[in-house]
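This briefing is meant to be read beside the sequence and the model. Please keep both in view while going through the points below.

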Amino acid sequence: MRIARRSLAAAISLSLAGAWLATPAVAADKPKVALVMKSLANEFFRTMEDGAKAHQKAHAADYTLLTTGIKNETDTAAQIKMVEQMVAQRVQALVIAPADSKALVPAIKAATDKGVLVINIDNRLDADALKSKDLLVPFVGPDNRAGAKLVGDYLAKSLKAGDKVAIVEGVSTTFNAQQRTLGYQDAMKAAGATVVGVQSGQWEIDKGNTVAAGMLRENPDLKAILAGNDSMALGVVAAVKAAGRTGKVEVVGYDNIAALKPMLKDGRVLATADQFAAKQAVFGIEIALKALAEKKKQAELPAEVKTDVALVTKDSK
């Protein structure tokens, strides 16, 4: 289901070119790096954690890794406490996939004030919220809008002008959810399709299912549902089946989790986007390690490092 190994290697090489991903020097005292994720009930973040642990195991002499994640996608209070706990454990660097683009900024500011280097992955922190704290936090990740447009453009080949579609969005206060919705809307506008509704499924299977079921009831002529992540896409597929409309309503997602592969193969899901979950945290960790080795301060870090995103369909290799 993934792009060819040679293509992936080339894409990563191009999108992450530069000194920031050079192998960090081994420090005299191993730095302690914390990885704080969103819901570990989501396969995407479990894959991210597995990738980070594999990297640390391969570089055990270079650093110590602490990993944690919240139980559900919207528990920002719990994630704030996790950040505070990691700071209390005297980590030198924090790599975080924030559950909310604004709510985590004060806790991150408090961490940097205590000398912790912070790297932002997956969901981008709000630019205005960072500016209000006079804070620079590098974002390491893909262009979510471009990735969603890749998926939407592929779906558009199955649509005609005037067809009705709906979008099941992630947590609406998160930057990546907003960007994926915009990417889907870009593609649908270009195709002449009509977006009849955008509702949040909170990134979760059950909530995605509930939202999709309502959309299908309200729009008997709906032609497609675009889900902001694959967990919600799983819920959408179940809703489409329950409504007796399998094969009549196209479904697309975003993340390329393993649970979606059989559905891509048999057509229940038309397409998704791969942003390489196993490497997401690793990119952030490597930047943090190199910055620590070079004694960089937070304000001296790069503003952004783009990573790759690729369209995945049943025909992808």
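Predicted model: local features only at pLDDT ≥ 70, side-chain atom pairs only at ≥ 80, totals over all residues.

Residues are numbered from 1 along each chain as its sequence is written, and side-chain values use heavy atoms, with hydrogens and water left out. Helices (H or I, at least four residues) and strands (E, at least two) are DSSP runs, numbered from the N terminus.

**The six-stranded sheet**

- Six strands make an open sheet in the order β2-β1-β3-β4-β5-β11 with parallel pairing, where two strands pair if DSSP finds at least two bridges between them.
- The edges are held by β2 (64-69) and β11 (304-306), each of which has a single partner strand, so one side of each is left without a neighbour in the sheet.
- From one strand to the next, the twist averages 20 degrees; axes are lines fitted to C-alpha atoms, for helices over the stretch in contact, and angles run from 0 to 180 degrees between N-to-C directions.
- Strand β5 (residues 139-141) pairs with β11 in the parallel sense over three bridges, and V140 has V305 as its bridge partner in β11.
- Helix α3 packs on this sheet, touching β1 (32-37), β2 and β3, and its direction makes about 175 degrees with that of β1; contact here means heavy atoms within 4.5 Å.
- Helix α11 also packs on the sheet, where it touches β1, β2, β3, β4, β5 and β11, and its direction makes about 160 degrees with that of β4.

**The four-stranded sheet**

- A parallel open sheet is formed by four strands in the order β7-β6-β8-β9, with β7 (194-200) and β9 (250-252) as the edge strands, each pairing on one side only.
- The twist in this sheet averages 15 degrees from one strand to the next.
- Strand β8 (residues 222-227) runs parallel to β9 and is joined to β9 by three bridges, and L226 has V252 as its bridge partner in β9.
- Helix α7 (residues 175-191) packs on the sheet, touching β6 (164-169), β7, β8 and β9, and its direction makes about 170 degrees with that of β6.

**Helix α6 against helix α7**

- Two packed helices are described by the angle between their axes and the distance between the axes.
- For helix α6 (residues 144-156) and α7, the angle is about 35 degrees and the axes are 7 Å apart.
- Residues of α6 including R145, A148 and L155 belong to a contact surface that meets α7 residues, among them Q179, L182 and Y184.

- In helix α4 (residues 105-113), the buried residues are V105, A107, I108, A111 and T112, buried meaning under 20% relative accessible area, exposed over 50% and partly exposed in between (1.4 Å probe, protein chains only).
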